[in-house]
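Trainee: I would like to learn how to read a structure, one feature at a time. Can we go through one together?

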Amino acid sequence: MGIAPYPEGLWGGRVPPHLERTLSILESAYPQGMPDEEYLPVMRVLAEGMSIRNPGDVMFAFTTFAEARHDAYGIAGDLESTDPDVRRVRELLVGCGWDPDSDE
């Protein structure tokens, strides 16, 4: 999955300022594009430190808006995942600057 431009009708075709740093971290973590199997683990990691809507908004760069929002709400009840993929992705994103305790 590559990073796609936001459609014109949503936020004027630009990433909302409060999500720019997170998207930059994802671009750093996945310079060749995000593999499909990383999508849900990344969503879970992002949901640990954001309101549940924001991971969907960030991941919209990788899929459709409806799918990203649906997936974000779908993981809302299961944020304490011990899945090894989630742990691996968390370590990757932290290594690229992700701080789940930040306000971004």
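Trainee: How many salt bridges does the structure hold?

Mentor: This is a predicted model, and the structure holds four salt bridges. The general idea comes first: side chains of opposite charge can pair when their charged atoms come close. In this structure, one of the pairs is R88 with E38, whose side chains meet at 2.7 Å, N to O.

Trainee: Where in the chain do R88 and E38 sit?

Mentor: R88 is in helix α5, and E38 is in the loop between α1 and α2. The two are 50 residues apart, and the pair links distant parts of the chain.

Trainee: Next, the fold. How many helices and strands make up the secondary structure?

Mentor: There are five helices and zero strands. Read along the sequence, that gives the pattern α-α-α-α-α. For the chain as a whole, take burial and contacts. The protein has 104 residues, and buried residues make up 41% of them. Among contacts between residues at least 6 apart in sequence, 73% join residues at least 24 apart.

Trainee: How should I read the nonpolar core?

Mentor: In soluble globular proteins, nonpolar side chains tend to be buried together. Here the largest nonpolar core has 27 residues, of which L26, M34, V42, L46, M59 and L93 touch the most other members. The elements that give two or more residues to this core are α1 (20-29), α2 (39-49), α3 (53-59), α4 (65-75) and α5 (84-95).

Trainee: Which helix gives the most to this core?

Mentor: Helix α2 does, with six residues.

Trainee: Take L46 as an example. Where does L46 lie, and is L46 buried or exposed?

Mentor: L46 lies in helix α2. Its relative accessibility is 1%, so L46 counts as buried.

Trainee: Which residues are in contact with L46, leaving aside its neighbours within four places in sequence?

Mentor: Those residues are T22, L26, P55, V58, M59, L93 and W98. Two of the names, L26 and M59, are also among the core residues that touch the most other members. You can also read separation in sequence against separation in space. L46 and V89 are 43 residues apart in sequence, and their C-alpha atoms are 9.9 Å apart.

Trainee: How is a helix crossing read, say that of α2 and α5?

Mentor: Start with the distance and angle between the axes. The axes of α2 and α5 come within 9 Å and cross at roughly 65°, and the crossing is right-handed. On the α2 side, the contact is made by P41, V42, R44, V45, L46 and E48, and on the α5 side by D85, V86, V89, R90 and L93. These residues divide into seven nonpolar, no polar and four charged.

Trainee: One more residue: where is M50 found, and is M50 buried or exposed?

Mentor: M50 is found in the loop between α2 and α3. At 10% relative accessibility, M50 counts as buried. M50 and S102 are 52 residues apart in sequence, with 8.8 Å between their C-alpha atoms.

Conventions:
Residues are numbered from 1 along each chain as its sequence is written. This is a predicted model: local features need pLDDT of at least 70, side-chain atom pairs count only at pLDDT 80 or more; totals for chains, interfaces and linings use all residues. Side-chain values use heavy atoms; hydrogens and water are left out. A nonpolar core is a set of buried Ala, Val, Leu, Ile, Met, Phe, Trp, Tyr and Cys residues joined through side-chain atoms within 4.5 Å. Buried means under 20% relative accessible area, exposed over 50%, partly exposed in between (1.4 Å probe, protein chains only). Helices (H or I, at least four residues) and strands (E, at least two) are DSSP runs, numbered from the N terminus. Contact means heavy atoms within 4.5 Å. Axes are lines fitted to C-alpha atoms, for helices over the stretch in contact, and angles run from 0 to 180 degrees between N-to-C directions. A crossing is left-handed if the near helix is turned anticlockwise from the far one by less than a right angle, and right-handed if clockwise. Ala, Val, Leu, Ile, Met, Phe, Trp, Tyr, Cys and Pro count as nonpolar, Asp, Glu, Lys and Arg as charged, and the others, Gly among them, as polar.
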